[in-house]
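Biologist: I am new to this structure. Please take one part and walk me through it closely.

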Amino acid sequence: MADCLFCKIAAGDIPSNKLFEDDDILAFYDIDPKAPVHFLVIPKRHIASAAALTEADAALLGHIYATIAALCRRLGVGEGGYRVVTNVGEDGGQSVAHLHFHVLAGRSMKWPPG
Ligand code: AMP
Ligand code: ZN
């Protein structure tokens with residue numbers, strides 16, 4: 001989608017610090033980390049947010065979560081635990097309108113989030 005930051009990152013038009021990539025998804029480090037480990041996982045296809053997901057996206061979501069688990073194991077935070085967050089819309093705190101999953105790890109998370 002034109003003018004979408006994460007579509008441009010997915011296409012390689014804007015550089016990112018990549019952790020993993022395949023035909024469908026991309027994982028890259030967040031530019032403004034909120035934890036010792038903070039990366040984002042996005043579908044390459046433009047989906048505005050989790051609110052736009054349908055039943056047809058079930059396999060994509062399974063792939064995203066399995067990849068998150070594998071990457072966390074690879075980064076050594078699989079055992080200690082981690083948090084996966086997707087912000088939706090203005091009240092949810094979403095600033096980039098392309099579905100992304102924050103993966104935060106390496107410190108003890110607080111609850112509830114702000
Ligand atoms: P959200 O506020 O939930 O929409 O999350 C958007 C995230 O994208 C924020 O954590 C930003 O720090 C991150 N971000 C913005 N631009 C970039 C970029 N060029 N590379 C990596 N992460 C980015
Ligand atoms: Zn996009």
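What volume does the largest pocket have? Please go on from there to the parts around the pocket.

Modeller: One point before the tour: this is a predicted model. The volume of the largest pocket is about 700 Å³. Its lining counts 32 residues, and D30, K34, H38, H102 and L104 are the closest to its centre. Sorted by class, 16 lining residues are nonpolar, ten are polar and six are charged. Several elements contribute to this lining. At least two residues each come from α1, β2 (25-29), β3, β4 and β5.

Now take β5. Two of the residues closest to the pocket centre, H102 and L104, belong to this strand, which covers residues 101-105. How much of the strand is covered? Mostly: five of its five residues are buried. Look at the directions of the side chains. H102 and L104 point one way. F101, V103 and A105 point the other way. Both sets are buried.

Next come the neighbours of β5. β3 runs antiparallel to β5, and five bridges join the two. One pair to find on screen is V41 with its bridge partner F101 in β5. Strand β4, residues 82-85, is also antiparallel to β5. Four bridges join these two strands. Here V85 stands opposite H102. Which residues coordinate the zinc ion? They are C4 and C7, each through SG, and H46 and H98, each through ND1. The distances are 2.1 to 2.3 Å. The angles among the four donor atoms are 106 to 116°, and the site is tetrahedral. Along the sequence, the donor spacing reads C-x2-C-x38-H-x51-H. C4 sits in the segment before α1 (5-11), while H46 sits in the loop between β3 (37-43) and α2 (58-74), so this pair ties together parts that are 42 residues apart in sequence.

H46 has 26% relative accessibility, so H46 counts as partly exposed.

Note on methods: Residues numbered from 1 in each chain as written. Chains lettered and ligands numbered in written order. Predicted model: local features only at pLDDT ≥ 70, side-chain atom pairs only at ≥ 80, totals over all residues. Heavy atoms only, no water. Donors = N, O, S within 2.8 Å, 3.2 Å for Na, K, Ca; no water. Tetrahedral: all angles 85-135°; square planar, octahedral: opposite > 155°, others 65-115°. Buried < 20%, exposed > 50% of the residue type's maximum accessible area, 1.4 Å probe, protein only. Pairing = 2+ DSSP bridges. 1 Å grid on protein atoms, 1.4 Å probe; cavity = no way out; pocket = protein on both sides within 12 Å on 5 of 7 lines; lining within 4 Å. Points joined across faces, edges and corners; volume = space filled by probe spheres on them. Nonpolar A, V, L, I, M, F, W, Y, C, P; charged D, E, K, R; others polar.
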